[in-house]
Every structure is written in C-alpha cells, then in structure tokens.
Amino acid sequence: MRYLFKTDYGQDIDLAKHDGHRFWYGLLLTALLLAPWWLGDYGLAQLSFILIYAIAGLGLMLLAGFTGQISIGHAAFLGVGAYTQAVLAAQGWPLPASMAVAAALSAAVGVVVGLPALRIKGVYLGIATLAFGFIVEEVLARWESVTGGNAGMSVGSADVFGWKADTDMSFYFICLACTVLATLGVLNLLRSPIGRAFIAIRDSEISAQSMGIRLAHYKTLAFALSAALAGIAGALYAHKIRFLSPDQFGFVQSVDLLLLVVIGGLGSVHGAFLGAAFLIAMPQLIAAGKDLLPAAVGQAPGLQAMVYGLVLVAFVLLEPMGLYGRWLKLRTWFELFPFYRRGMFKRQRSFQKSERLK
Amino acid sequence: MTKHTTSLNNALLAARDLQVRFGGVLAVNGVSFDVQRGEVFTLIGPNGAGKTTVFNLISRIYTATAGSLVFDGQALDRVAPHAVAGLGIARTFQNIELFEHASVLQNLLIGRHAHSASGFWSQLMFLPSVRSAERETRRKVEEVIEFLDLQHYRDSVVAGLPYGVRKVVELARALATEPRLLLLDEPSSGLNVEETADMAFWIEDIKNDLGITVLMVEHDMGLVSRVSDRVLAMSQGQVLALGTPTEVQSHPAVIEAYLGTSDDAASLRRPAASVAPIPMKEAA
C-alpha cells in the first residue's frame with residue numbers, strides 16, 4: 001500500500017499526485033506515441049476513433065458527470081462541429097482555424113440549448129435536449145445548399161497550414177494532440193474554482209447559490225464547454241470518416257454518447273476514455289461473438305442494440321460507478337490484499353435532504 | 001426610535017416590517033429587528049412561526065412582499081441570490097445541504113468561491129497566478145479546518161460521514177466564505193448532547209475569536225440561553241417578544257405560544273366533556 005506523506009499544498013494541486021502517476025501516465029503516453037509502429041492500420045484507425053469519442057465523451061462527462069445536467073441530444077453538437085469543419089475545409093481553411101470555428105459555433109449552439117437548463121431539470125431537460133437533437137438532424141438533412149442534405153457530403157483530408165494529414169498515421173497524431181490538450185484543459189478546470197462550481201451545482205444547487213455561485217452563468221458555461229468539446233470531436237470525426245450524412249448525428253449517436261459516459265463511470269475523467277474504448281470495441285466483440293451463437297440469434301437484426309441495452313442495464317444495476325468504479329475496486333483489492341471487504345464501496349444512505357427549492 | 005433613523009444606526013442587519021405572503025398565507029407579517037455587530041441573535045418560535053422564511057429572505061431565496069432588509073448600509077432587496085455570499089453573509093441549512101459526492105476539503109474550497117478572481121482562460125491553462133491563488137485558498141481553508149478540528153476528515157467524501165460531522169462540515173464551509181454575518185439554521189438539530197455542547201463552544205468561539213456576528217434559528221433552549229445575547233420569539237409570522245434569553249423565556253406571550261393558555265385548555269375540555277361525562281382535572 002502507498003502512504004503519501006504530504007508536505008506541501010502543491011502536492012494536492014498537481015495533476016500527478018505521486019511518482020506512480022508520473023510513471024504510469026508517462027508509459028501510457030509513450031505507448032500512444034509509438035502506437036503507429038506497434039498497431040496495424042486497422043488498429044490505428046480504431047484507436048483514432050477511440051480518441052475522437054473520448055474527446056466528445058469528456059465534453060458530455062463535464063456536463064452530465066460533473067455538472068449534473070443531462071443531454072440526450074449531444075450528437076447534435078458533434079454534427080455542428082463536423083459539418084462546420086467539412087464546409088470550412090472545403091474552402092481551404094487550415095485545420096486549427098476551422099477547428100476553432102467549429103468549437104466556437106458548437107459552443108454558441110450549446111449556449112442556446114443551455115437556456116432551458118436554467119429553468120428545467122432532470123427528465124424534462126433530457127426531453128428538451130432530445131428535441132433539440134432531432135431539430136439539428138433535420139436542419140442538417142434539409143439545408144441542402146450547405147450540407148448536401150441526405151445525399152451526404154464528402155470531406156477531404158485535414159490541412160495544417162499546407163501540411164496535409166492524409167495518412168492514417170499523421171491524422172492519428174492530430175487526434176492524439178487534440179485529446180491530450182482537451183484532457184489537460186478539462187483536468188485544469190476541474191482543479192480550479194470553475195470545476196468546483198460545476199460539482200457544487202451537481203450536488204446541491206441551493207447551497208451552491210448560497211456559496212456565491214451564479215447558477216445561470218455556470219450552467220451555461222458547462223453547456224458551452226461541453227458542446228465545444230463535442231464540436232472539436234466532430235471536426236476530427238469529419239476528417240476521419242471522410243463522408244458525412246445527417247443520420248450519423250441522430251438519436252442513436254446521442255444515446256451512444258450517453259452510454260459512453262454512464263458505462264465509463266459518471267463523474268470521472270478516466271470514465272470518458274474507458275467508455276470510448278468500450279464503445280469502439282463493443283461492435284467488434286459482438287461481431288466476433290456472432291459466429292459462436294446459433295444462426296437464429298447471431299444473424300438477427302438489432303443484436304447490437306440489444307447487447308448495448310443489456311450492458312447498460314447491467315451497469316446501472318450492478319456497477320453504477322461504471323468501468324472506472326470497477327477499476328478502482330480492483331486496484332483497492334490488490335492494494336489491500338488480503339483485507340478487502342465486500343462493502344467497502346457501498347453507497348452510504350444519504351441523509352434526508354431539505355426540500356429543494358425549485 | 002423611528003423607522004428611518006434605525007437603518008442608519010450601527011446595526012449589521014436591519015429588518016423593517018418584513019412581510020411574506022404565499023398565496024393567502026402570511027408566513028411573515030410585520031417583523032422588524034436589528035442584529036448588532038458582534039452579537040449572537042437567536043430566532044425562536046414554534047413550528048411554522050416563519051423563522052426559516054426570515055432566513056430565506058436574508059439569503060434572497062425569497063423576496064419579501066413588503067418591508068426592507070438592510071445589511072451593513074446596503075439594501076438587500078435587489079441583490080441577486082448568488083451575490084449575497086460576496087457581501088459577507090453565509091448560511092447553513094436546517095437539513096444539511098453539502099456537496100455529497102465531494103470530499104470535505106473540496107466542500108470547503110467551494111466555500112471560497114466568492115473570493116476567486118481568476119478568469120476562464122487562465123483557469124483552463126492553470127497559469128501560475130491560478131496556482132498561487134489555489135495555494136492561498138487552501139491556506140485559508142486549512143485555518144477553518146484547524147479551527148473546527150476537522151483534520152481527520154479532510155479527504156473523506158461527505159456521503160460517508162456521520163450526521164454530527166456533516167453538521168460541523170457545513171459550519172466549516174460557511175466559515176470558509178469569511179462571512180461577517182453567519183446564519184445558522186438549527187445548528188443543534190439531530191445532534192446528541194455532547195455534539196450540542198461542542199456546537200455551543202464553537203458558536204461562542206466564532207463570536208469571540210473570529211468576531212463574526214451570528215443570527216441563528218434554534219429550538220434547544222439550553223443552547224439558546226447559553227450562547228445568545230438576544231432572542232426574538234416569533235409565532236405565526238409575528239414578533240412576540242425581543243430581549244435577553246431569560247426575559248423572552250418568561251414573557252407571557254411566549255409561554256402562551258408554546259404551551260397555550262388556560263383558556264385554550266378550557267376550550268379543549270368543553271367538547272370533550274360533552275362526549276364523556278366524567279369531569280376532567282384542571283390542566284397543570
């Protein structure tokens with residue numbers, strides 16, 4: 001077991017709390033930097049998708065996991081980012097500039113969606129964002145002069161000031177750089193007053209307010225940030241998938257993103273990455289498992305959706321803290337071996353809350 | 001003492017003719033009081049007297065339908081709810097409203113929110129200025145942790161703490177905001193005898209060592225008479241009596257509000273007598 005001897009407040013502020021963190025995250029980053037050489041083309045493409053979904057997942061994690069505002073229309077922000085990127089790239093904008101515009105436009109749309117969140121919460125907010133998701137999908141399908149409508153729109157390779165990221169490898173490094181920057185940004189916010197304000201709003205709005213936190217301001221900020229991250233992910237997605245059509249940003253994509261954060265573990269940055277890896281790996285696992293099943297089940301349409309549904313139900317029932325929670329338990333088990341108890345992570349009954357002022 | 005001169009006196013908080021109407025119910029009706037600097041001022045009264053409503057008026061969760069509230073020369077009537085903390089008013093809640101899934105330390109750091117000044121971009125990049133601000137925030141929070149003996153619970157998640165400790169954490173979080181006026185809504189509710197005694201010590205320390213003015217709602221008369229300088233008794237939204245704890249406790253209107261009058265007892269007896277012919281003894 002590790003005992004940390006703290007002698008300085010800086011130790012609690014630093015992102016890496018001890019040498020173990022430095023070693024393991026350094027190792028992870030090295031492995032990711034060297035990935036093009038130890039992963040095949042297919043593996044690299046999948047890894048790029050994991051990184052892209054992890055960025056979008058970080059955005060939704062910030063909103064749903066840390067600020068407590070649900071969004072069932074998050075694919076819309078992904079779509080806004082993707083189409084903005086596609087249109088600007090076609091006009092020859094360099095990637096950093098077009099990506100910044102994609103993020104800014106998504107953020108602006110996020111602010112608009114955030115407005116109802118100032119008045120409604122819970123399931124009602126979910127319905128409002130769901131409706132918004134349908135609206136955006138419809139706009140993408142109907143605004144044919146810009147988006148190409150249902151016929152779709154092809155996207156060229158990313159252009160960074162004259163340098164074309166036209167190979168899988170070069171594009172992978174762009175994804176990796178964006179992911180690292182996005183993660184650092186989110187981690188920085190979470191250790192600053194803004195991140196703490198988000199957590200405060202999630203846990204008790206009334207006392208957040210009495211601590212001087214402006215609810216409207218921070219909720220809007222959370223929506224804007226979350227949408228901006230989804231917009232960045234969308235911009236990368238556009239270049240990765242090379243062909244955009246409105247149905248890629250529909251309800252199913254929104255549910256996938258929600259699945260990502262819930263299965264990854266709400267309220268943890270790790271969860272966004274674990275969830276993204278799960279979301280990308282799952283179809284492969286299902287495809288591999290198909291052959292083992294009897295034909296009537298294995299070839300049935302909707303098998304994937306059913307497996308996703310079952311996995312989600314299983315996680316909500318058995319492991320509400322998601323994959324990250326599972327990992328924490330595993331780690332604790334090893335750290336404390338042989339003293340781990342079953343009830344260690346059991347949720348405490350929360351004491352009665354005073355009536356919420358709505 | 002007229003209405004207009006009192007708001008100019010040295011009171012930290014001056015309430016004048018406060019009235020709150022929820023539909024047809026007058027929750028608070030014509031309540032006036034002054035909280036002087038450096039005193040412990042307690043609101044008592046039976047359930048539904050309007051004590052918590054007065055608290056919610058001061059923390060701007062409700063808006064008064066009539067009357068005025070002046071804090072340190074500034075009218076509170078148009079202050080936004082989140083801006084109250086910045087003025088120097090902190091509060092605790094009757095049933096504890098902590099940030100459940102955060103550690104005690106994080107809860108207290110959130111308490112310093114009103115003092116944070118760094119902008120969005122500098123926080124996003126965690127510039128050296130943010131880092132030094134965070135260190136300063138932490139140093140201030142550690143002072144509160146030491147004051148209330150919370151060192152042991154610093155890194156515990158609130159959701160796993162016993163009720164008595166949560167109560168202290170909530171007090172700590174309010175103190176972390178560095179208030180000039182501290183509103184305590186039933187600080188002893190749910191506490192055992194020892195914890196209540198600790199709470200009394202802390203309230204005295206807050207007043208004497210930190211120089212913070214305390215306005216509290218409390219039912220435990222032992223605690224009230226031990227720590228309060230002045231007591232305001234309310235019933236059904238109106239002021240019954242104002243004075244030292246002993247004066248208020250012996251005030252006939254207060255006794256009547258809590259225990260009822262002999263007339264009340266008589267009125268209860270009559271219908272009972274008509275049903276049951278057995279004569280009842282006089283109520284003590």
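The questions and answers below go through a predicted model of chains A and B.

Q: What scores does the model have for ipTM and pTM?
A: This is a predicted model, in which local features need pLDDT of at least 70 and side-chain atom pairs count only at pLDDT 80 or more, while totals for chains, interfaces and linings use all residues. Residues are numbered from 1 along each chain as its sequence is written, and chains are lettered from A and ligands numbered from 1 in the order in which they are written. The model scores ipTM 0.86 and pTM 0.88.

Q: Over which residues of chain B does pLDDT stay under 50?
A: The predictor's confidence in each residue, from 0 to 100, is called pLDDT, and chain B averages 88, with 89% of the residues scoring at least 70. The stretch with pLDDT under 50 has seven contacts beyond four places in sequence, a contact being two residues whose C-beta atoms, placed from the backbone, lie within 7 Å. That stretch is residues 1-7 of chain B.

Q: How many helices and strands does chain B have?
A: Helices (H or I, at least four residues) and strands (E, at least two) are DSSP runs, numbered from the N terminus. For chain B, the secondary structure comes to twelve helices and ten strands.

Q: What is the order of the open sheet of four strands in chain B?
A: Two strands pair if DSSP finds at least two bridges between them; strand 1 (residues 13-22) and strand 2 of chain B do so over eight bridges in the antiparallel sense, and strand 4 (residues 66-71) and strand 5 of chain B over two. Strand 2 (25-35) and strand 5 (74-75) of chain B are the edge strands, each pairing on one side only. The order is 2-1-4-5.

Q: Which residue takes a positive phi in the hairpin of strand 1 and strand 2 of chain B?
A: Within this pair of strands, V20(B) stands opposite V28(B). The hairpin has two residues between the strands, and the residue with a positive phi near 60° is G23(B).

Q: Which helix gives the largest share of the side of chain B that touches chain A?
A: The contact takes 38 residues from chain B and 31 residues from chain A. Elements giving two or more residues to the chain B side are helix 3 (84-87), helix 4 (104-111), helix 5 (120-125) and helix 6 (128-147) of chain B. The largest share, five residues, comes from helix 6 of chain B.

Q: Is R196(A) buried or exposed?
A: R196(A) lies in helix 10 (residues 193-203) of chain A, and, leaving aside neighbours within four places in sequence, R196(A) is in contact with Q106(B), L109(B), I110(B) and H113(B). A residue counts as buried if 20 or more other C-beta atoms lie within 10 Å of its own, as exposed if 12 or fewer do, and as partly exposed in between, with C-beta atoms placed from the backbone. Because R196(A) has 27 other C-beta atoms within 10 Å, this residue is buried.

Q: Which residues have the most contacts inside the largest nonpolar core?
A: A nonpolar core is a set of buried Ala, Val, Leu, Ile, Met, Phe, Trp, Tyr and Cys residues joined through C-beta atoms within 7 Å, and the largest has 176 residues. Helix 4 (residues 41-66) of chain A gives the most to this core, with 16 residues. Among the residues that I232(A) touches are I55(A), G81(A) and M99(A), not counting residues up to four places away in sequence. Those with the most contacts inside the core are I55(A) and I232(A).
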